[in-house]
Amino acid sequence: MLPDQVKKLADGRIFTGKQAVSIGLVDELGNLEDAIKVAAKLSGIKGEPSVVSKKEKFSFMDIVRGNLPKELSDIFPTVKLKYYFSP
């Protein structure tokens, strides 16, 4: 899109997917699998693409919030950290 066309649309409105397609903000609608297939096709990948995901980092604050990774929650299913504040 030309900058003048974008400026006409960039006023804080929210568009549905169908509206975005009709005004040219997106080429087509789809889900994650569709996006992977299109990216594979555009990059010349033949056959089924291999998707690599980043592993989430784990911190002490995750334990405090009760967000244990699956590997740890399977080993320690009842571990809970409680803290009390007394003024």
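Let's start at a helix end: Asn31 caps the N-terminal end of helix H3 (residues 32-42), with a side-chain oxygen 3.1 Å from the backbone nitrogen of Glu33. That is a polar contact (a pair of N or O atoms within 3.5 Å; within protein, one must be able to donate a hydrogen and the other to accept it, and residues adjacent in sequence count only if both atoms are side-chain atoms). Keep in mind that this is a predicted model, where local features need pLDDT of at least 70, side-chain atom pairs count only at pLDDT 80 or more, and totals for chains, interfaces and linings use all residues. Residues are numbered from 1 along each chain as its sequence is written, and side-chain values use heavy atoms, with hydrogens and water left out.

**Overall build**
- The chain has five helices and zero strands, where helices (H or I, at least four residues) and strands (E, at least two) are DSSP runs numbered from the N terminus.

**Inside and outside**
- Out of 87 residues, 7% count as buried (under 20% relative accessible area; exposed is over 50% and partly exposed is in between, with a 1.4 Å probe and protein chains only).
- The chain's accessible surface is about 8,500 Å², and 59% of that belongs to carbon and sulfur atoms (Shrake-Rupley method, 1.4 Å probe; for residues, only the protein chains shown count as cover).
- Met1, Val6, Val21, Ile23, Leu25, Val26 and Leu29 make up a nonpolar surface patch, with about 540 Å² of accessible area together.
- Patches are made of residues with over 30% relative accessible area and no salt bridge; like charges are joined within 9 Å, and nonpolar side chains (Val, Leu, Ile, Met, Phe, Trp, Tyr) within 5 Å.
- Val6 from that patch is found in helix H1 (residues 3-9), and Val6 counts as partly exposed because its relative accessibility is 38%.

**A charged pair**
- The structure holds one salt bridge (a side-chain nitrogen of Lys or Arg within 4 Å of a carboxyl oxygen of Asp or Glu).
- The partners are Asp11 and Arg13, whose closest N and O atoms are 2.9 Å apart.
- Asp11 is partly exposed, at 48% relative accessible area, and Arg13 is partly exposed too, at 45%.

**Around Pro69**
- Pro69 is in the loop between H4 and H5, and it's partly exposed, at 22% relative accessible area.
- Glu56 is in the loop between H3 and helix H4 (60-65), and at 71% relative accessibility it counts as exposed.
- Glu56 and Pro69 are 13 residues apart along the chain, with 9.1 Å between their C-alpha atoms.
- Phe58 and Pro69 are eleven residues apart along the chain, with 7.5 Å between their C-alpha atoms.

- The chain's mean pLDDT is 84, and 90% of its residues reach 70 or more; pLDDT is the predictor's confidence in each residue, from 0 to 100.
- Among the elements, helix H2 (residues 17-22) has the highest mean pLDDT (95) and helix H5 (residues 70-75) the lowest (70).
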